[in-house]
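Here is a short exchange about the terms used for one model. Each reply sets a value against its definition.

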Amino acid sequence: MMGGSYAGNTLLEGVSINTGIPLDHINFVASQVISLALAPLMQSVLHPSITKSSARQAFVLIVGIFLGYFAFGIQVIHLFGMPSICYLLLRILNPKIVQRWTMMVAISYLSCIHLHRLFYSGAVYALDVTGPLMVMTQKITSLAFSVHDGFAKDNDLTPSQKHYAVKKIPSVLDYFSYIFHFQTLMAGPMVFYTDYMDFINGTNFLKPGITQTDANLSDRDVYIKPNPFYPVLIKITVSVIFGVLFSVLFFPIEHAKEEEFLRRGVVYQMAYLYISTTSARFKYYHAWLLADAINNISGLGFNGFTSDGKQKWDLVSNVDILGFEFGLSLRDCIQSWNILTNSWLRMVVYERVSKKNGVFLTFALSAIWHGFHPGYYITFTSGALLTVASRTVRKYVRPHFQTSYNMSKFYDVLTCFFTRILMTYLTFSFVLLEFWASLRIYWNMYCWLHILALFTIFVLPRFLGQSEAQLRNRLSKLVTNSNGVNSLHG
């Protein structure tokens with residue numbers, strides 16, 4: 001919402017009035033339906049064997065611009081503004097420093113738009129240009145780091161950095177088609193530049209053993225013919241189910257601010273917050289699975305074959321629903337949620353700073369990237385604390401449950417249950433967005449998990465003493481001594 005009113009196309013306003021569904025939501029769905037209808041053209045009339053890469057890029061760029069204007073109106077100027085400034089930096093700055101300046105400019109631009117949204121919309125969610133800008137920020141900064149890595153010494157790079165390194169500055173068409181390609185414009189996810197160019201050139205579909213340099217890309221026989229029908233059908237079906245569930249279930253997080261809620265016990269409060277935050281996730285599942293299907297039906301997202309020859313379509317999958325909902329630890333849940341954003345954070349922050357500061361700096365960038373609603377910062381600050389506590393538990397508690405198969409499985413069940421509690425406690429402020437309301441709820445629950453986390457970090461190691469590594473070393477010494485005794489006795 002810019003200036004307090006929706007800036008997108010009003011063609012479907014009648015539908016909004018008759019159904020009561022906000023126009024911005026209808027335009028979002030309409031944009032994704034258009035994308036879903038056009039995506040198959042990338043594997044038919046625009047197949048890389050019969051179409052030049054420049055034509056494929058022009059098509060995804062034009063459709064992306066159209067959808068951006070349809071959904072956001074005049075706000076589309078920001079979708080051109082930030083990438084244009086950062087492309088100039090990419091062209092004129094030394095690759096040794098371009099990643100720093102690009103990060104600073106992109107995050108600053110995005111932050112200005114976040115602040116504008118905060119002042120006009122408060123805690124009310126609406127479709128506006130910040131969503132696509134957030135994805136563009138990931139693309140722009142990851143590309144800048146890839147260019148930096150492309151001009152660095154291989155010995156200084158991790159295997160992942162070597163894989164995504166870009167040794168040539170992209171052309172204008174390469175760059176803007178990557179930024180605007182319609183498959184990921186509305187709901188992401190972020191796609192790394194090298195993966196996008198493999199899709200454009202068709203090299204992601206080359207048969208094993210054939211490289212782009214020795215292949216005749218106009219010969220259709222050099223390509224495998226994967227069929228995304230079933231993966232796409234499953235993702236669309238599950239996406240629709242979550243969309244319906246999100247529409248019919250009504251457990252508003254605002255109830256947590258009411259006196260009636262605050263007078264209830266902690267058990268009731270945690271139970272309601274669990275249901276409310278879980279139902280709030282359904283809109284993300286709906287949007288991300290639909291975006292995944294759009295990518296797959298265009299050919300983007302193919303990730304080779306499994307060991308038993310089945311196709312993999314998870315290269316640009318942004319969520320593992322079962323992995324998140326039934327994760328055995330905070331780490332499992334984080335890795336299963338907004339997966340490509342995690343990959344981006346790992347690439348631009350976590351792998352490039354000291355391990356001592358890695359967690360906190362990663363959470364800090366994630367918070368700034370999300371925006372300036374206070375609830376985000378409560379979640380990410382608490383998340384950093386609880387991440388350290390979770391690592392402490394794994395280090396000092398887990399070894400004591402690895403003495404037998406049954407004890408190990410009991411530990412898994414216990415941690416799965418406790419992780420559900422932890423994620424509820426951690427994420428309700430992310431959904432609520434408000435600062436004082438979130439603090440009041442925490443205070444009303446005696447900040448019990450914060451206190452438990454501090455106890456875990458500073459006190460628990462003194463009681464349990466030995467970490468997993470120490471127990472392994474002790475066991476190894478016992479085995480060695482045992483072997484020595486046996487050898488002496490012949």
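This is a predicted model: local features need pLDDT of at least 70, side-chain atom pairs count only at pLDDT 80 or more; totals for chains, interfaces and linings use all residues.

Author: Residues are numbered from 1 along each chain as its sequence is written, and side-chain values use heavy atoms, with hydrogens and water left out.

Reader: Why is Ser177 called buried?

Author: Buried means under 20% relative accessible area, exposed over 50%, and partly exposed in between (1.4 Å probe, protein chains only). Ser177 has 0% relative accessibility, so Ser177 counts as buried.

Reader: What makes the pairing of the side chains of Ser177 and Tyr196 a polar contact?

Author: A polar contact is a pair of N or O atoms within 3.5 Å; within protein, one must be able to donate a hydrogen and the other to accept it, and residues adjacent in sequence count only if both atoms are side-chain atoms. The side chains of Ser177 and Tyr196 are joined at 2.8 Å. Ser177 also makes a side-chain polar contact with Gln57, at 3.3 Å.

Reader: How do you know that Ser429 is buried?

Author: The relative accessible area of Ser429 is 0%, so Ser429 is buried. Its side chain has a polar contact of 2.7 Å with the side chain of Thr379.

Reader: Which residues lie nearest the centre of the second largest pocket?

Author: Lys235, Asp292, Trp313, Asp314 and Ser317 do, among 14 lining residues.

Notes: On a 1 Å grid over the protein atoms alone, a cavity is a set of points where a 1.4 Å probe fits but cannot get out, and a pocket is an open set with protein on both sides within 12 Å along at least five of seven lines; lining residues have an atom within 4 Å of a point.
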